[in-house]
Amino acid sequence: MVYFRYRVDWVMYSGPPLDILIDQGKADNFLAEQLYPDNFVQACAEGKTTVTLRKQEDYDHSYFFIATFVEDHLNHLAKYLK
């Protein structure tokens, strides 16, 4: 079995500024125990990385949730494909 460990020799990111978009369903079963999106947002702030976290009422971790917001994410990513 392979386990991933923290690597102290990783090089810092030096590409263009990142602008991350996250949609999170508030009714997601994994939210409280596994996902911790607010921790991710805090880490991004400390690293001066722009992140938008949109918490969606009445959505869980389902295909319907993904299908609802995938177009927003594709449009967001398309801004960086030049």
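In the predicted model, helix 3 carries a kink of about 45 degrees, centred on Phe-69. The helix spans residues 63-78. Despite the kink at Phe-69, helix 3, with 16 residues, reaches 22 Å from its first C-alpha to its last, close to the 22 Å expected at 1.5 Å a residue. Phe-69 has a relative accessible area of 11% and therefore falls under the 20% limit for a buried residue. Leaving out residues up to four places away in sequence, Phe-69 touches Asp-23, Arg-54, Gln-56 and Tyr-59. The C-alpha atoms of Phe-69 and Gln-56 lie 9.8 Å apart, at a sequence separation of 13 residues.

Phe-69 is one of the buried residues of helix 3, together with Phe-65 and His-76. The buried residues of this helix pack against strand 1 (19-25) and strand 2 (50-56). An α-helix has 3.6 residues a turn, so residues three or four places apart point the same way. At a relative accessible area of 53%, Leu-74 is over the 50% limit and so counts as exposed.

Along the sequence they follow the order β-α-α-β-α. Of the 82 residues, 17% count as buried. The accessible surface of the chain is about 7,300 Å², and carbon and sulfur atoms contribute 59% of that area. Among contacts with a separation of 6 or more, 68% are between residues 24 or more positions apart.

Gly-25 provides an example of a buried position in strand 1. Its relative accessible area is 0%. Beyond neighbours within four places in sequence, Gly-25 is in contact with Leu-31, Gln-56, Tyr-59, Asp-60 and Phe-65. Two of these contacts of Gly-25, Gln-56 and Tyr-59, are also touched by Phe-69. Gly-25 and Ser-62 are separated by 37 residues in sequence, with a C-alpha to C-alpha distance of 9.2 Å.

Charged side chains were examined next. Side chains of opposite charge can pair when their charged atoms come close. Four salt bridges are counted in the model. In one of them, Asp-23 pairs with Arg-54, with the closest N and O atoms 2.7 Å apart. Asp-23 lies in strand 1 and Arg-54 in strand 2, so this pair ties together parts that are 31 residues apart in sequence. Asp-23 is buried, at 11% relative accessibility, whereas Arg-54 is partly exposed at 27%. Both residues of the pair are also among the residues that Phe-69 touches.

Arg-54 forms a further salt bridge with Asp-72, where the closest N and O atoms are 2.9 Å apart. This pair links distant parts of the chain, with Arg-54 in strand 2 and Asp-72 in helix 3, 18 residues apart. Asp-72 is partly exposed, with a relative accessible area of 32%. Through shared partners, the salt bridges join Asp-23, Arg-54 and Asp-72 into one network.

A salt bridge is also found between the side chains of Lys-55 and Asp-38, at 3.1 Å from N to O. This pair again links distant parts of the chain: Lys-55 is in strand 2 and Asp-38 in helix 2, 17 residues apart. Lys-55 is partly exposed at a relative accessible area of 42%, and Asp-38 is partly exposed at 44%.

Backbone torsions were considered last. Most residues other than glycine have a negative phi. Tyr-36 has a positive phi, near 50 degrees. Tyr-36 occupies the loop between helix 1 (31-35) and helix 2 (37-46), and is partly exposed with a relative accessible area of 42%. Lys-48, also not a glycine, has a positive phi of about 60 degrees. Lys-48 is placed in the loop between helix 2 and strand 2. At 77% relative accessibility, Lys-48 counts as exposed.

Terms used: Residues are numbered from 1 along each chain as its sequence is written. This is a predicted model: local features need pLDDT of at least 70, side-chain atom pairs count only at pLDDT 80 or more; totals for chains, interfaces and linings use all residues. Side-chain values use heavy atoms; hydrogens and water are left out. Helices (H or I, at least four residues) and strands (E, at least two) are DSSP runs, numbered from the N terminus. Buried means under 20% relative accessible area, exposed over 50%, partly exposed in between (1.4 Å probe, protein chains only). Contact means heavy atoms within 4.5 Å. Accessible areas come from the Shrake-Rupley method with a 1.4 Å probe; for residues, only the protein chains shown count as cover. The expected span of a helix is 1.5 Å times one less than its number of residues. The bend at a residue is the angle between axes fitted to the seven residues ending there and the seven starting there.
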